[in-house]
Amino acid sequence: MGPSPKIKQIWKNCVNLQVAHPLGYFRPKTIHEVIDTIITAESKNYKVKAVGSGHSFSDVALTRDYLIDTHGLNKILPLSRLLLKETTERAALFFTECGILIHELNAALDAENKALPNMGAFTGQTIIGAISTSTHGSGVTLGPLASLVEAIILVGEKGEVFHIERTDGISAAPIAINDIPVNLIQDDEYFLSSVISIGCLGVVYAVVLKVCDNYLLEEKRTFSTWNEVRLKLEQGDILRDNRHLEVLINPYELNGKEKHSCLITRRNICSPDTPTNWFRLHRAWLYTVIGWLVPDFLMNAVLRFFFNTFPKLTPKIIQASLKTLRDGCYIGKSFKVLDLGKANNISAYSTEIAFPSDKYISAVDALLPLFEKIARDGGQYITSPFSLRFVKTSDHYLSMQYGEEEDYVCMIEFPVLNGTVGGMEILARIEAEMYKFGGIPHWGQYNHVGIGDETLNTLYPKFSAWMSVYRKLCPNGTFQNDFTERCRIIA
């Protein structure tokens, strides 16, 4: 007798754009329940899909068969359950189940005076949901979240449990899980295929992360123009001299005078005894006050009304939003500074694309006239500044940041306010244009991978190696869905 699912349960992503009506909805709280769910699904010839908090805008999480909601798997696990090598530095490791939210993980780490070395701008995702789609922060010396993974515990087809690490992994033996046999695989090819696998290889039960001591970050945000920022990026010092660098760009000129304004965000580690006052412990006062006083639903409704009713005001609204973010100095614990805060509550979806370090500037230069043309010819505007973030390359096979170890990629994200006219059409135009510059779309963001002429073999140099591991671990395709089929990931 297998686990009992909820039936007629509807699952939606965070902005209600992706909706699933699974045949069975499961919320396991133990690895035994995960195993039983997979075995039950296979006995009835159903597929299985694990989901987190629904912060993917693509159809990556959808299924019509069995859906596993991982939020019940949110416990911190003791390192004592791992049989580590004597040479492994235990103090730099943290062991957690897959469904813990990033802000919960941050709190748990902070209680032990630890922190993630890097993270993205939002903390509402589950840690594995973020890792498995190659979510990232910013910094040319800092890889995506997947670079923090030392080991994963994966439940695959037939309920088999795998403990997967690099060839020179941290463990001397597989994790002990009561009466469950565990297969220890210490092999680079399996590890680099399984950490970023968009849910295709099974249900990740737990993960061992590399962490660091708590640290403070200082954030400074200054105004500039694309022409000025472009020159600094070409020279390279601005990238090398800052631990984190982000650039927000207004897609539009104002009255032909203000030339694509930019907001430059620099974040750097500062000494623990750095003096602070009330103002330094908060972001820019106008941004902070608006966040305190204006309810999220009202902000979303007002912005949507103006963008749809008076679209020609879009460039000025974007300009005003950039100016509210200017800030001389904000100092706080790393996870507080890296979290964008109130702006994350705006209901939006986006496309994000990775570009090689030698092509992203040309991509931006090609995009700016495209935005102007769409606005001029059809009155459609992208309703947000777009962002440039810089990420160290990754060796994980399905990472958008895959590349040579000493290089970096530029991740360019294009957010659109939910419910505004022409948003998805603009993002589709952007994606089509960006392939010309070696662009690779983010798995979890709105994308059309597999629909056009591009294939994963051309986007990912190691795709064939990944498929080899996929077919060994999942010969029956238990974890396939419509998304994997359109992306041509088929067992």
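Student: Where does N481 lie, and why does N481 count as buried?
Tutor: In this predicted model, local features need pLDDT of at least 70 and side-chain atom pairs count only at pLDDT 80 or more, while totals for chains, interfaces and linings use all residues. Residues are numbered from 1 along each chain as its sequence is written, and side-chain values use heavy atoms, with hydrogens and water left out. N481 lies in the loop between α14 (463-473) and α15 (482-486); helices are DSSP runs of H or I with at least four residues, strands are DSSP runs of E with at least two, and both are numbered from the N terminus. Buried means under 20% relative accessible area, exposed over 50%, and partly exposed in between, with a 1.4 Å probe and protein chains only. The relative accessibility of N481 is 5%, so N481 counts as buried.

Student: With which residues is N481 in contact, leaving aside its neighbours within four places in sequence?
Tutor: Contact means heavy atoms within 4.5 Å. By that criterion N481 is in contact with K49, D59, V60, A61 and L62.

Student: What makes E157 a buried residue, and where is its place?
Tutor: E157 sits in the loop between β10 (149-155) and β11 (161-165). Its relative accessibility is 3%, and E157 therefore counts as buried. Neighbours within four places in sequence being left aside, E157 is in contact with E42, L473, C474, P475, N476, G477, T478 and F479.

Student: Why does V195 count as buried, and what is V195 in contact with?
Tutor: V195 belongs to the loop between α4 (188-194) and β14 (203-210). It counts as buried because its relative accessibility is 4%. Apart from neighbours within four places in sequence, its contacts are I131, S132, A146, V149, I152 and H396. As for I131, it is 64 residues from V195 in sequence and 7.3 Å away in space, C-alpha to C-alpha.

Student: Why is E413 called buried?
Tutor: E413 has a relative accessible area of 16%, so the term buried applies. This residue is found in strand β22. Once neighbours within four places in sequence are set aside, E413 is in contact with S350, T351, E352, F386, S387, R389 and Q445.

Student: Is H260 buried or exposed?
Tutor: The relative accessible area of H260 is 9%, so H260 is buried. H260 also has a positive phi of about 50°, although it is not a glycine. Its loop runs between β17 (244-249) and β18 (261-270).

Student: How do you know that the buried residues of α8 are on the same side?
Tutor: The buried residues are N300, L303 and F307. They cover an arc of only 75° around the axis, which puts them on the same side of α8; the arc is that of the directions from the helix axis to the C-beta atoms. These buried residues pack against α9 (314-324) and β22 (408-417).

Student: How do you know that the span of α11 agrees with what it should be?
Tutor: The expected span of a helix is 1.5 Å times one less than its number of residues. Helix α11 (residues 360-378) has 19 residues and should span 27 Å; its end C-alpha atoms are 26 Å apart, which agrees. Among its buried residues are Y360, I361 and F371. Just after α11, G379 takes a positive phi of about 65°.

Student: What makes a space a cavity rather than a pocket?
Tutor: On a 1 Å grid over the protein atoms alone, a cavity is a set of points where a 1.4 Å probe fits but cannot get out, whereas a pocket is an open set with protein on both sides within 12 Å along at least five of seven lines; lining residues have an atom within 4 Å of a point. Grid points are joined across faces, edges and corners, and a volume is the space filled by probe spheres set on the points. The count is 1 cavity of 30 Å³ or more, and the largest cavity holds about 40 Å³ of space. Its lining includes M119, H136, E246 and R389.
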